[in-house]
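Here is a briefing on helix packing and on selected residues. View the fold first, then read the points below.

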Amino acid sequence: MNVSLVGLGHIGKAVVGILNENRGYFKNKFGSDINVISVSDSKTTIYNKKGLNLDKVLMYKERKELDEAAEVIKIDDIYSLPSDIIVDMSPATKDGIAGMRMYKNAFESGKHIVTSNKAPLALHWKEIMESSVAHKKHILYESAVGGGVPLFNLNRYSLKSSNILEFKGQVSSTINFVLNQLMANVDFNEAIKTAQNMGIAETDYHDDTNGLDGARKTVIIANALLGLDYTLNDVKYEGIENLGNIDYMRNSGEIYRVLSHIIPGPKPVVESKIFSIKSGDSLAAMDSLSMGYLEKTDNNDDLTVFEKHDGPLETAAQVVNDILLLS
Ligand SMILES: NC(=O)c1ccc[n+]([C@@H]2O[C@H](COP(=O)([O-])OP(=O)(O)OC[C@H]3O[C@@H](n4cnc5c(N)ncnc54)[C@H](OP(=O)(O)O)[C@@H]3O)[C@@H](O)[C@H]2O)c1
């Protein structure tokens, strides 16, 4: 299985690390020999037909000399390489167009897609899925929502005989960490600074705190679980930048979280907003940096799935899981 990786940041480097350390294990356990033949960052794409030396990739990336690690090609050349999968771990763009083009080019070139990038899926779901079906190629996106928590694959493989009655999920850590700080009387700018120092908030944090990031994730969950083809315009969402009722929230003694909330029906509820969680609710077991969800179903009862802590390693593990599923 030949793989091209696009993006060599927090997630990309962790994916390279997992593939490098576990190549023999994956081969023995699953019969999957995962061979990375190209990697790209924002400036450079390197390629080796027989497979890149991943120790060298990480070392040269660290030294900011990726172009020294192997033959340099243009990023657009990846579609003509003998790869089976292109893995998109590049940043979310405002319009998601670059990602959509990448996926359509990949399908047309006979390649599957694995992606952790939510922007193309949130904005161009229908076009991407139609292209995937037309070219009989797969797209797996487990890591794009909820980091390391299994959500789409769990629904795809383990809950086939149930109908979803309601979904409520904590799938954005930045906004929930900052909201938690606000509840503890920390000033907004101070909370952002702490989140940035912890590496969970970007320099431009507004997409997170104005709720857009949560809305992007919510639309992907709704489309994937309910078979819709919604875009961002169909999602109601709120952020935490101007909380008029923060004093009331602080005095209530309850936990508040920004959650993706979905209820199927003739007029589905698809929203990302602040909910109060009472102690004793299954979601109350999560802290503000956890990822997880409550899914109510007809035949599989109410499921709560969560991880205590989420970070690049957990997300990268889901990227690699998707690669292994395709292989
Ligand atoms: N971090 C998380 O915990 C997390 C969780 C779930 C999903 N995601 C998603 O996963 C993706 C990657 O996240 P990250 O944290 O790894 O981001 P990151 O650290 O900012 O890394 C992004 C990587 O993409 C490269 N890149 C930028 N523009 C590119 C382009 N046009 N073509 C090819 N490569 C390009 C960057 O190149 P340079 O190295 O040259 O800058 C960098 O290597 C994002 O879409 C993010 O939303 C992240």
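His10, Ile11, Ala14, Val15, Ile18, Leu19, Phe26 and Phe30 in helix 1 meet Pro312, Leu313, Thr315, Ala316, Ala317, Val319, Val320 and Leu324 in helix 11. Contact here means heavy atoms within 4.5 Å. The contact residues of helix 1 and helix 11 divide into 14 nonpolar, two polar and no charged. Ala, Val, Leu, Ile, Met, Phe, Trp, Tyr, Cys and Pro count as nonpolar, Asp, Glu, Lys and Arg as charged, and the others, Gly among them, as polar.

This is a predicted model, in which local features need pLDDT of at least 70, side-chain atom pairs count only at pLDDT 80 or more, and totals for chains, interfaces and linings use all residues. Residues are numbered from 1 along each chain as its sequence is written, and side-chain values use heavy atoms, with hydrogens and water left out.

**Helix 1 and helix 11**

- Helix 1 spans residues 10-30 and helix 11 spans residues 312-326. Helices (H or I, at least four residues) and strands (E, at least two) are DSSP runs, numbered from the N terminus.
- The two helices pack at an angle of about 45°, with their axes 9 Å apart. Axes are lines fitted to C-alpha atoms, for helices over the stretch in contact, and angles run from 0 to 180 degrees between N-to-C directions.
- Helix 1 and helix 11 are therefore oblique to each other. Angles under 35 degrees count as roughly parallel, over 145 as roughly antiparallel, 65 to 115 as roughly perpendicular and the rest as oblique.
- Helix 1 passes helix 11 in a right-handed crossing. A crossing is left-handed if the near helix is turned anticlockwise from the far one by less than a right angle, and right-handed if clockwise.

**Helix 4 and its partners**

- The axes of helix 3 (residues 97-108) and helix 4 (residues 118-134) come within 9 Å and cross at roughly 15°. That makes helix 3 roughly parallel to helix 4.
- The crossing of helix 3 past helix 4 is right-handed.
- On the helix 3 side, the contact uses Ile97, Gly99, Met100, Tyr103, Lys104 and Phe107. On the helix 4 side, Pro120, His124, Glu127, Ile128, Ser131 and Ser132 take part. These residues of helix 3 and helix 4 divide into six nonpolar, four polar and two charged.
- Helix 4 also packs with helix 9 (residues 212-226), at an angle of about 60° and with the axes 9 Å apart. That makes helix 4 oblique to helix 9.
- Helix 4 and helix 9 cross in the left-handed sense. Helix 4 contributes Lys118, Leu121, Ala122 and Trp125. Helix 9 contributes Asp213, Arg216, Lys217, Val219, Ile220, Asn223 and Ala224. The contact of helix 4 with helix 9 divides into six nonpolar, one polar and four charged residues.

- Asparagine 2 lies in strand 1 (residues 2-6). Its relative accessible area is 18%, so asparagine 2 is buried. Buried means under 20% relative accessible area, exposed over 50%, partly exposed in between (1.4 Å probe, protein chains only).
- The side chain of asparagine 2 makes a polar contact with the side chain of asparagine 35, at 3.2 Å. A polar contact is a pair of N or O atoms within 3.5 Å; within protein, one must be able to donate a hydrogen and the other to accept it, and residues adjacent in sequence count only if both atoms are side-chain atoms.
- The asparagine 2 side chain also reaches the backbone oxygen of proline 82 at 3.0 Å.
- Serine 83 sits in the loop between strand 4 (71-73) and strand 5 (85-88). Serine 83 is buried, at 6% relative accessible area.
- Not counting residues up to four places away in sequence, serine 83 touches Asn2, Val3, Ser4, Ile37, Ile78 and Lys111.

**Positive phi outside glycine**

- Lysine 64 has a positive phi of about 60° although it is not a glycine. Lysine 64 lies in the loop between helix 2 (54-62) and strand 4, and counts as exposed at 78% relative accessibility.
- Asparagine 185 has a positive phi near 70°. Asparagine 185 is in the loop between helix 6 (173-183) and helix 7 (188-197), and is exposed at 60% relative accessible area.

**Glycine 169**

- Glycine 169 belongs to strand 8 (residues 164-170). Glycine 169 is buried, with a relative accessible area of 0%.
- Glycine 169 and serine 260 are 91 residues apart along the chain, yet their C-alpha atoms are separated by 5.1 Å.
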